Amino acid sequence: MGNKKMTSIEKEQWDKLYQYVKKEILLYNDSQSIPSSLVLRLKGLTTGKYIENKNIKDKANYSYEIILYTFQICRPSIMSAISNKVFESESNKFNYICKIVENNINDVYLRVQKSKKIDENIDKLDINILSHNTGEYQKKTEELKNKRLDKLW
């Protein structure tokens, strides 16, 4: 997110992401906080960098919301992967988790963009074409006058 200040929406999205990662991924309790080195790693996901660092050129621009969706979608595979592995440190464990997220973030981003485009198209849809005003039937042929046919019906 570079040098600019976070908007209130970004702050809210960041808080949701932070709380989700803290409680649902790292399984921390309320008295624990995510170490700053892991926070930088988490913030680095927004710009496609290993860690958030203003001296390194941004490679991407993902919102905190996209990152949260990716964590949520990947949670089952993340939890499965980390439960079967022994890590030297919390930092190594978190790097492993972030790698799973990085491998899936573009797919999630594209799915969200596609969904937004569908929603935009629905919003633009002219609802007048959906009303069902049926025209009246107009006879275009002369009625055949044949008494023999009347007996058949």
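Contact here means that heavy atoms lie within 4.5 Å of each other. The structure is a predicted model, in which local features need pLDDT of at least 70 and side-chain atom pairs count only at pLDDT 80 or more, while totals for chains, interfaces and linings use all residues. Residues are numbered from 1 along each chain as its sequence is written, and side-chain values use heavy atoms, with hydrogens and water left out.

The chain holds five helices and zero strands, where helices (H or I, at least four residues) and strands (E, at least two) are DSSP runs numbered from the N terminus. Read along the sequence, this gives the pattern α-α-α-α-α. Of the 153 residues, 29% count as buried, a word that stands for under 20% relative accessible area, with exposed meaning over 50% and partly exposed in between (1.4 Å probe, protein chains only). Among the contacts with a separation of 6 or more, 59% come from residues 24 or more positions apart.

Glutamine 13 is buried, because its relative accessible area is 18%. When its neighbours within four places in sequence are left aside, glutamine 13 is in contact with Ser63, Tyr64 and Glu65.

The packing of the helices comes next. Two packed helices are described by the angle between their axes and the distance between the axes. The axes are lines fitted to C-alpha atoms, for helices over the stretch in contact, and the angles run from 0 to 180 degrees between N-to-C directions. Helix 1 and helix 3 pack at an angle of about 5°, with their axes 9 Å apart. Helix 1 is therefore roughly parallel to helix 3, given that angles under 35 degrees count as roughly parallel, over 145 as roughly antiparallel, 65 to 115 as roughly perpendicular and the rest as oblique. On the side of helix 1 the contact includes Glu10, Gln13, Trp14 and Leu17, and on the side of helix 3 it includes Tyr64, Glu65, Leu68 and Phe71.

Helix 1 also meets helix 2, and here the axes come within 12 Å and cross at roughly 125°, so that helix 1 and helix 2 are oblique to each other. The crossing of helix 1 and helix 2 is right-handed; a crossing is left-handed if the near helix is turned anticlockwise from the far one by less than a right angle, and right-handed if clockwise. Trp14, Leu17, Tyr18 and Val21 of helix 1 are the residues that meet Val39, Leu42 and Lys43 of helix 2. In the loop between helix 1 and helix 2 lies leucine 27, whose phi is near 60°, a positive value in a residue other than glycine. Leucine 27 counts as exposed because its relative accessibility is 54%.

Helix 3 and helix 4 form a further packed pair, with axes that come within 8 Å and cross at roughly 135°. Helix 3 and helix 4 are therefore oblique to each other, and their crossing is right-handed. Residues of helix 3 including Ile66, Ile67, Phe71 and Cys74 meet residues of helix 4 including Tyr96, Ile100, Asn104 and Tyr109.

A search of the whole structure finds four aromatic pairs, where rings of Phe, Tyr and Trp (its six-membered ring) pair if their centres lie within 6.5 Å, and planes under 30 degrees apart count as stacked, over 60 as edge-to-face and the rest as tilted. One of them joins tryptophan 14 and tyrosine 64, whose ring centres are 5.1 Å apart and whose planes stand at 55°, so the pair is tilted. This pair links distant parts of the chain, since tryptophan 14 is in helix 1 (residues 8-25) and tyrosine 64 is in helix 3 (residues 64-83), 50 residues apart. Tryptophan 14 counts as buried at 13% relative accessibility, and tyrosine 64 counts as buried at 2%.

Another pair, formed by tyrosine 62 and tyrosine 109, is edge-to-face, at 5.7 Å centre to centre with 75° between the planes. Tyrosine 62 lies in the loop between helix 2 (36-47) and helix 3, and tyrosine 109 lies in helix 4 (residues 90-124), so the pair ties together parts that are 47 residues apart in sequence. Tyrosine 62 counts as buried at 11% relative accessibility, whereas tyrosine 109 counts as partly exposed at 28%.
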